[in-house]
Amino acid sequence: MSELQHTLASSASLTGTSLHTGEKSTITLQPAPVGHGWKFKRVDLPDQPVVDAHCSLVKTVERATSLSEGAVKVQTVEHVLSALYGMGVDNALIEMDANEPPIGDGSAKPYVDLINKAGVVAQDTPRSFYAISEPLHIETKNGSILTIVPDDKFRISCTNVGPEGRFTQFYSTEITPALYEKEIAPARTFVYYEDVKPLLDKGLIKGGSLENAVVVKGESVMSKEPVRYKEEFARHKILDLVGDLALFGHRIKGHVIAVKPGHGANTELSKQLTRRHAQLLAMVPPSTTPKGGDVLDVNSVMKLLPHRYPFLMVDRIVAFEGESKCTGIKAVTINEPYFQGHFPGHPVMPGVLQLEAMAQVASIAFLHFAGETPNGRVGYFMSADSVKFRKPVMPGDTLFIHVEVTKAKRSLAKAKGRCVVNNEVVSEADMLFCFVE
Ligand SMILES: [Zn+2]
């Protein structure tokens with residue numbers, strides 16, 4: 001039984017002071033449908049724009065992680081994302097009436113309390129996991145070293161070393177909702193007095209006070225509340241890592257080993273994971289016809305699909321994966337009839353035909369995973385959402401058509417599709433189908 005996606009059972013709000021602006025702001029966590037992920041909604045702006053929690057939108061990593069899409073910015077997103085990932089919430093809409101959520105006590109505990117208040121419920125679709133298959137290692141100019149190695153669980157081991165070796169700490173834990181809530185969420189942000197004094201003088205951290213961070217001067221802690229754990233700083237670094245890795249968008253099975261992590265290095269790791277994930281999806285084109293019962297040649301494809309030349313958009317199915325994924329290929333040549341008119345002197349494959357290719361592979365996937373015999377039912381394309389055409393497809397390209405079935409009922413089914421050429425996504429869509437005998 002695969003793990004299911006989870007969302008919030010109800011909505012819950014929290015009001016407090018933002019760290020950088022010092023203004024009051026309110027954050028409201030709302031339930032969201034499967035496959036939604038985490039998105040920020042700026043309810044204070046006209047049309048209430050939404051910013052995806054994705055590492056491709058990372059703008060700045062100084063002291064906190066900020067995202068922006070166009071002119072819309074959300075900053076200091078890492079603690080709330082950390083709480084959502086850590087507490088096992090896959091889908092949530094994060095509404096804010098400012099560009100920054102309240103900082104609370106500098107930990108993720110206020111957000112964990114908010115999630116517990118809203119409640120967490122299972123949804124009807126499996127979680128998307130990315131299992132690390134080979135080590136990935138990055139080093140940055142300012143001394144961050146991050147390595148991720150294969151593991152059945154999601155685990156983080158982290159060291160923190162302060163200036164002159166002060167506060168050298170190590171902590172290692174698996175990330176589960178129970179461990180996250182008890183061992184990680186309450187760990188607060190920490191700052192060195194010598195670093196923060198110039199910022200306070202410049203008025204850069206208006207909401208900063210001894211209540212929302214552990215302030216360290218020399219060997220001693222200036223904050224009223226003593227440290228919550230012997231290794232509170234290393235634990236907070238783990239908290240930040242969880243939040244920054246949430247920007248990868250898939251749950252990780254792997255062990256992150258982090259030396260002196262920071263938002264720059266953390267978000268870079270998310271970006272590299274995203275790149276590797278896309279390459280994995282693209283797969284290497286086979287140089288010979290793959291053998292094996294799972295793989296369909298063009299004759300088998302035509303037994304499942306009623307489409308024929310010039311409207312058959314799949315040459316071969318090269319892989320069925322797990323219980324929901326299917327990959328087909330289409331060699332795009334100058335002999336395609338549509339190139340005569342699209343466009344003379346500048347042949348480009350029409351985006352709608354890539355959409356059709358995704359729909360044809362999706363139909364094959366539905367019938368295959370439902371265990372149906374050829375010449376049985378036919379899938380009708382009902383709707384397509386979130387359709388994006390990202391790059392032109394030219395004669396000579398091989399289109400890898402990846403489809404994941406996200407819902408399969410007797411008469412209705414949903415799938416996510418993406419077309420990939422040379423390891424780059426050229427088009428994608430969410431599709432809905434109905435089936436007729
Ligand atoms: Zn932090």
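This is a predicted model: local features need pLDDT of at least 70, side-chain atom pairs count only at pLDDT 80 or more; totals for chains, interfaces and linings use all residues.
Figure 1. Now follow β17 to its other partner, strand β18 (residues 220-221): here the pairing is antiparallel, over 2 bridges. V216 is the residue that stands opposite V221 in β18. Which residue takes a positive phi in the hairpin of β17 and β18? Look at G218, with a phi near 60 degrees; the hairpin has 2 residues between its strands.

Figure 2. Let us turn to a helix. How many of the 10 residues of α2 (residues 109-118) are buried? The count is 7, and the helix is mostly covered. If you want to find them one by one, the buried residues are K109, P110, Y111, V112, L114, I115 and A118. What do these buried residues pack against? Their partners include three strands, β1 (4-8), β2 (12-17) and β3 (24-31). The list also holds α1 (78-86), β10 (120-126) and α3 (177-184).

**Figure 3. L45 sits in a loop between two strands.** The strands on either side of this loop are β4 (38-42) and β5 (50-52). L45 has 14 C-beta neighbours inside 10 Å, so it counts as partly exposed.

**Figure 4. G322 lies in the loop between β20 and β21.** The two strands cover residues 316-321 (β20) and 325-331 (β21). Is G322 buried or exposed? Count the other C-beta atoms within 10 Å: there are 11, so G322 is exposed, because a residue with 12 or fewer belongs to that class. To place G322 in the fold, find F369, which is 47 residues away along the chain. Between the C-alpha atoms of G322 and F369 the separation is 9.4 Å.

**Figure 5. Domain 1 and domain 2 touch through a few residues each.** Domain 1 covers residues 4-282, and domain 2 covers 298-436. Their C-alpha centres lie 37 Å apart. Where they meet, 7 residues of domain 1 are in contact with 7 residues of domain 2. Which element gives the most to the domain 1 side? Helix α6 (residues 263-282) does, with 4 residues. By class, this side of domain 1 has 4 nonpolar and 3 polar residues, and no charged ones.

**Figure 6. The whole protein, for orientation.** Stepping back, you can look for 8 helices and 25 strands. The radius of gyration is 24 Å, close to the 22 Å that the globule rule gives for 437 residues, so the protein is as compact as a globular protein of that length. Along its principal axes, the C-alpha trace spans about 75 × 50 × 40 Å. Of the 437 residues, 39% count as buried. Among contacts between residues at least 6 apart in sequence, 71% join residues at least 24 apart.

Notes:
Residues are numbered from 1 along each chain as its sequence is written. Domain bounds come from an automatic or database domain assignment. Two residues are in contact if their C-beta atoms, placed from the backbone, lie within 7 Å. Ala, Val, Leu, Ile, Met, Phe, Trp, Tyr, Cys and Pro count as nonpolar, Asp, Glu, Lys and Arg as charged, and the others, Gly among them, as polar. The radius of gyration is taken over C-alpha atoms; the globule rule is 2.2 Å times the number of residues to the power 0.38. A residue is buried if 20 or more other C-beta atoms lie within 10 Å of its own, exposed if 12 or fewer, and partly exposed in between; C-beta atoms are placed from the backbone. Two strands pair if DSSP finds at least two bridges between them.
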